[in-house]
Amino acid sequence: MVYLNDQVGALDLDLALARVSAQRREQALKFRHENGRRLSLAVYLLLMDGLREEYGIQPPPVFGYTAEGKPFILGRPDIHFSFSHSGNVALCALSDQPVGADVEVPRKITPSLVSYTMNDREQEQINASADPALRFLYFWTRKEALLKLTGEGIRNDMKQVLSESGKYHLETVKTNSYLFSVVKYREQFNDSPKP
């Protein structure tokens with residue numbers, strides 16, 4: 001399930017800080033800017049909403065971290081989640097299987113960023129698109145979501161991230177204000193390719 005807040009700027013910081021775990025409060029307060037604090041709290045509050053709605057879990061979760069830095073909920077290895085935020089939008093994907101997600105607000109894209117992160121086929125599609133920046137974000141959100149799923153995070157060779165995308169179930173959603181992608185391993189779905 002995907003939980004979104006596209007009004008993060010309206011989040012009451014004091015109320016949010018009072019609702020979250022001490023661990024998350026400390027992490028959020030490390031941000032120097034108010035918007036960073038709001039985004040950190042907003043994704044966590046979305047996770048709390050999802051845990052309450054889908055699992056009946058009321059207390060704020062406490063995280064452990066893998067060697068790669070990927071967070072997990074202590075004592076609940078059966079629950080998987082992925083956080084993302086961009087601009088004024090916060091997203092939390094929650095699942096009983098490993099999941100990765102990324103959200104992006106449209107912005108100016110430089111040709112050097114495109115050539116550094118996209119392979120030749122992706123660059124051709126971006127350059128031929130009526131909205132190159134949006135097409136870039138389509139690929140970018142899918143790549144970042146996939147890297148969050150695997151726990152790798154952003155890497156030096158972003159061009160080949162989607163080269164084995166057949167192993168994954170990727171969904172991308174576009175709204176008027178943002179675009180997001182969610183990815184899971186394909187074997188978790190009944191629509192796996194037939195041999």
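Okay, before anything else, a quick definition: when I say two strands pair, I mean that DSSP finds at least two bridges between them. And keep in mind that this is a predicted model.

So, let's start with strand 6, residues 100-104. It pairs with strand 8, residues 179-185, through 5 bridges, and the two run antiparallel. If you want one place to look, take Glu104: its bridge partner in strand 8 is Leu179.

Now, how covered is strand 6? Mostly covered, with 5 of its 5 residues buried. Side chains in a regular strand alternate between the two faces of the sheet. Here, Gly100, Asp102 and Glu104 point one way, while Ala101 and Val103 point the other way, and all of them are buried.

Okay, on to helix 5, which covers residues 120-128. Which residues are buried there? Glu122, Gln123 and Ile126. Looking down the helix axis, those buried residues fall within an arc of 100°, so they line one face of helix 5.

Last stop, the surface. Val62, Phe72 and Leu74 make up a nonpolar patch there, with about 250 Å² of accessible area together. Phe72 sits in strand 3, residues 71-73. Why do I call Phe72 partly exposed? Because its relative accessibility is 35%, and partly exposed runs between the under 20% cut-off for buried and the over 50% cut-off for exposed.

Okay, that's my tour.

Definitions and conventions
Residues numbered from 1 in each chain as written. Predicted model: local features only at pLDDT ≥ 70, side-chain atom pairs only at ≥ 80, totals over all residues. Heavy atoms only, no water. Buried < 20%, exposed > 50% of the residue type's maximum accessible area, 1.4 Å probe, protein only. Helix = DSSP H or I, 4+ residues; strand = E, 2+ residues; numbered from the N terminus. Patch = residues over 30% accessible without salt bridge, like charges linked within 9 Å, V, L, I, M, F, W, Y side chains within 5 Å. Areas by Shrake-Rupley, 256 points an atom, 1.4 Å probe, with all protein chains shown as cover. Salt bridge = Lys/Arg side-chain N within 4 Å of Asp/Glu carboxyl O. Arc of directions from axis to C-beta.
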